[in-house]
Amino acid sequence: IGSESKALSCELHPGDMLLLTVAPGGNHGADSTLVKLSIQASNDPQARWSPDDLIDSFGSGNPARTANGGIWTFLNAAAGYSLLPEFINSIEGQTSLAAWRQGDTPSAFVNRSQDAVKVWTTLPARSFFVHPGPGGPVAVAWTSPVGASVTITGTIADAHPGADGVQWKLERIQGAEFQKLIDGAAMALADIRANRDLLNKL
């Protein structure tokens, strides 16, 4: 997975997590990052998940559960992991854009329009993005509802042509290896230690 699409495969158990972390390549400005991912179970052609599934219901919550059972969580990953707490239903006066964020950034946001939207950069139609913050990375976690071999395809791409880019990693984390600590609008993932599989890193 990168600016050119390729496929990765791994085995998942119910409750296992795929964790995408995106960090600034240099200055955190101009780091809007297009995330096009598809997670396909090998044993069921109908079992497919993507952050694009969230576009029309992006404000439903963080974490967000999709109709096909996947759970997506948007995280500030600057110092441990905590939920992005604030939802806004428009950005820079554009009602087609919506975001979960902490301050202006880090953020996870979508373009809900059928058309590209030109703001600080041109955001493709019907797409999901993340932006790291001044203190460090942003992360998106998907929790698997099934046990299956899955194939992950897609593209992680800087939405700002000519900027200094981002660094990212995609990890599989076994469900038994992390704890969810929930206190109101805050969540941390603690003590993630052994048996991490680093799937890819730019």
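Q: What is the mean pLDDT of the protein, and how many of its residues reach 70 or more?
A: This is a predicted model, and its mean pLDDT is 85, with 83% of the residues at 70 or more. One stretch to treat separately is residues 179-202, where pLDDT stays under 50. The model has 62 contacts beyond four places in sequence for that stretch.

Q: Which kinds of secondary structure does the protein have, helices or strands?
A: There are 19 strands and zero helices. Of the contacts with a separation of 6 or more, 63% join residues 24 or more positions apart. As for burial, 52% of the 202 residues count as buried.

Q: Why is threonine 21 called buried?
A: Its relative accessibility is 9%, and buried means under 20%, so threonine 21 counts as buried. Threonine 21 lies in strand β2. Leaving aside residues up to four places away in sequence, threonine 21 touches Ala77, Tyr81, Pro137, Val138, Ala139, Gln167, Trp168, Lys169 and Glu171.

Q: Why is the pair of phenylalanine 109 and tryptophan 120 called edge-to-face?
A: Pairing needs ring centres within 6.5 Å, and edge-to-face needs planes over 60 degrees apart. The centres of phenylalanine 109 and tryptophan 120 are 5.7 Å apart and the planes stand at 70°, so the pair is edge-to-face. Phenylalanine 109 sits in strand β10 (residues 107-111), while tryptophan 120 is in the loop between β11 (117-118) and β12 (122-123), 11 residues apart.

Q: What makes phenylalanine 109 buried and tryptophan 120 partly exposed?
A: Buried is under 20%, exposed is over 50%, and partly exposed lies in between. Phenylalanine 109 has a relative accessible area of 2%, so it is buried. Tryptophan 120 has 34% relative accessibility and therefore counts as partly exposed.

Q: How many aromatic pairs does a search of the whole structure find?
A: The search finds nine aromatic pairs. One of them joins phenylalanine 58 and phenylalanine 128, which are edge-to-face at 6.2 Å centre to centre with 70° between the planes. Phenylalanine 58 is in the loop between β4 (48-49) and β5 (64-65), and phenylalanine 128 is in strand β13 (residues 127-131), so the pair links distant parts of the chain, 70 residues apart. Both phenylalanine 58 and phenylalanine 128 are buried. These two also belong to one aromatic cluster with Phe74, Phe87 and Trp100.

Q: What makes the lining of the largest cavity nonpolar, polar or charged?
A: Its residues are Leu18, Leu20, Leu37, Ile39, Trp72, Val140, Ala141, Trp142, Ile152 and Leu170. Since Ala, Val, Leu, Ile and Trp are among the residue types that count as nonpolar, the lining divides into 10 nonpolar, no polar and no charged. The volume of this cavity is about 70 Å³, and the count comes to one cavity of 30 Å³ or more. β2 (17-24), β3 (33-41) and β14 (138-143) each supply at least two lining residues, with the largest share, three residues, coming from β14.

Q: Which residues line the largest pocket?
A: The lining is made of Ser32, Ile88, Ile91, Glu92, Ala99, Arg101, Asp104, Thr105, Ser107, Phe109, Trp120 and His131. β9 (97-101) and β10 are the elements that give two or more residues to this lining. The pocket has a volume of about 210 Å³, and its lining residues divide into five nonpolar, four polar and three charged.

Terms used. Residues numbered from 1 in each chain as written. Predicted model: local features only at pLDDT ≥ 70, side-chain atom pairs only at ≥ 80, totals over all residues. Heavy atoms only, no water. 1 Å grid on protein atoms, 1.4 Å probe; cavity = no way out; pocket = protein on both sides within 12 Å on 5 of 7 lines; lining within 4 Å. Points joined across faces, edges and corners; volume = space filled by probe spheres on them. Helix = DSSP H or I, 4+ residues; strand = E, 2+ residues; numbered from the N terminus. Buried < 20%, exposed > 50% of the residue type's maximum accessible area, 1.4 Å probe, protein only. Contact = heavy atoms within 4.5 Å. pLDDT = per-residue confidence, 0-100. Phe/Tyr/Trp six-rings, centres within 6.5 Å; stacked < 30°, edge-to-face > 60°.
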